[in-house]
Amino acid sequence: LIALAAVFVAGCGGAAEKTDAPAQAQAAPAVDKNSKILVAYYSRAGDNFEVGVIDKGNTAIVAEMIAEKTGANLFEIKPVKSYPAEYREGTDVAKQEKNEHARPEVAALVDNLDQYDVIFLGYPIWWSDLPMAVYTFLERENFSGKVIAPFCTHEGSGIGSTEQYIEKATQAKVLNGLEMRGSMAQNSPQEAKEELAKWLDAIGLK
């Protein structure tokens, strides 16, 4: 269980440390308060490390907080085939997909992504990476000229190199991301909101 916990769902504890920000991130402008904003996220409920069986995923909670704070629209990235609700089975599927560089089919894309200037992109850290279904979303949409603000939930690894992975997949301007423990999102909402507020302030939104 300890080994599995280190690499899936809530985070890859000790698997990767936060690296330097992506090349474009440090030069990326602060988010204009008049920007049209979308919060796109993938989140998994069911059996999660540290928080047990949950009805709403850790990342979904953070996504809703961002949308409430910024007035953004929400879009949930939904794989056509859901990941197993049981923790151990889920780790096996996630690892296999990563090893195979799989691109699981997603149920829908965003209606008229062109209307948005800024996309908050949320995801759990799985095996030091994005869930493969998030790559499907990123590679099928056109993010040219967009600003992406990543946020992740984890349970020890932090955001790792996923900012760079997003930049490579989209060629968008990627801001320094928010990393939040899933257990904080689930169990300490006020503390989570305070962390979120600091990050939004840092990228030009409050």
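Between which two elements does the loop that holds Gln 171 lie? Gln 171 is placed in the loop between helix 5 and strand 7, where helices (H or I, at least four residues) and strands (E, at least two) are DSSP runs numbered from the N terminus. The model is predicted, so that local features need pLDDT of at least 70 and side-chain atom pairs count only at pLDDT 80 or more, while totals for chains, interfaces and linings use all residues. Residues are numbered from 1 along each chain as its sequence is written, and side-chain values use heavy atoms, with hydrogens and water left out.

Gln 171 follows helix 5 and has a positive phi near 60°, in a residue other than glycine. Most residues other than glycine have a negative phi. With a relative accessible area of 57%, Gln 171 is exposed; exposed denotes over 50% relative accessible area, buried under 20%, and partly exposed the range in between (1.4 Å probe, protein chains only). A positive phi is also found at His 101, where the value is near 50°. His 101 belongs to the loop between helix 3 (87-99) and strand 5 and is exposed, its relative accessible area being 61%.

Helix 5 itself spans residues 162-170, among which Thr 162, Glu 163, Ile 166, Glu 167 and Thr 170 are buried. These residues cover an arc of only 145° around the axis, and therefore lie on the same side of helix 5; the arc is that of the directions from the helix axis to the C-beta atoms. The buried residues of helix 5 pack against strand 5, helix 4, strand 6 and strand 7 (173-174).

The largest nonpolar core contains 31 residues, of which Leu 38, Leu 121, Tyr 123, Phe 137, Leu 138, Phe 143 and Ile 166 touch the most other members. Such a core is a set of buried Ala, Val, Leu, Ile, Met, Phe, Trp, Tyr and Cys residues joined through side-chain atoms within 4.5 Å. Two or more residues are given to this core by each of strand 1 (37-41), strand 5 (118-124), helix 4 and strand 6. Helix 4 gives the most, with six residues. Apart from this core lies another, of 27 residues, including Phe 120, Ala 149, Ala 192 and Leu 196.

Leaving aside neighbours within four places in sequence, Leu 138 is in contact with Leu 121, Leu 130, Phe 143, Ile 166, Ala 169 and Thr 170, contact being defined as heavy atoms within 4.5 Å. Tyr 135 is located in helix 4 (residues 132-140) and is buried, with a relative accessible area of 8%. With neighbours within four places in sequence again left aside, the contacts of Tyr 135 are Arg 103, Asp 129, Leu 130, Tyr 165 and Ala 169. The C-alpha atoms of Tyr 135 and Ala 169 are separated by 7.5 Å, although the two residues are 34 residues apart along the chain.

Six aromatic pairs are present in the structure. Rings of Phe, Tyr and Trp (its six-membered ring) pair if their centres lie within 6.5 Å; planes under 30 degrees apart count as stacked, over 60 as edge-to-face and the rest as tilted. The rings of Phe 75 and Phe 137 are stacked, because their centres are 5.8 Å apart and their planes stand at 25°. This pair links distant parts of the chain, with Phe 75 in strand 4 (residues 73-76) and Phe 137 in helix 4, 62 residues apart. Phe 137 also pairs with Phe 143 in an edge-to-face arrangement, at 5.9 Å centre to centre and 70° between the planes. Phe 137 is buried at 0% relative accessibility, and Phe 143 is buried with a relative accessible area of 2%. Elsewhere, Tyr 42, Tyr 83 and Trp 126 form one aromatic cluster.

In helix 7, the buried residues are Ala 192, Leu 196, Trp 199 and Leu 200. Seen down the helix axis, the buried residues fall within an arc of 100° and so line one face of helix 7. The face turned away from the buried side carries the exposed residues Gln 190, Lys 198 and Ala 202. The buried residues of helix 7 pack against helix 2 (58-70), strand 5, strand 6, strand 8 and helix 6 (182-187).

Strand 8 (residues 178-181) has a covered face, formed by Leu 178 and Met 180, and an uncovered one, formed by Glu 179 and Arg 181. In a regular strand the side chains alternate between the two faces of the sheet.
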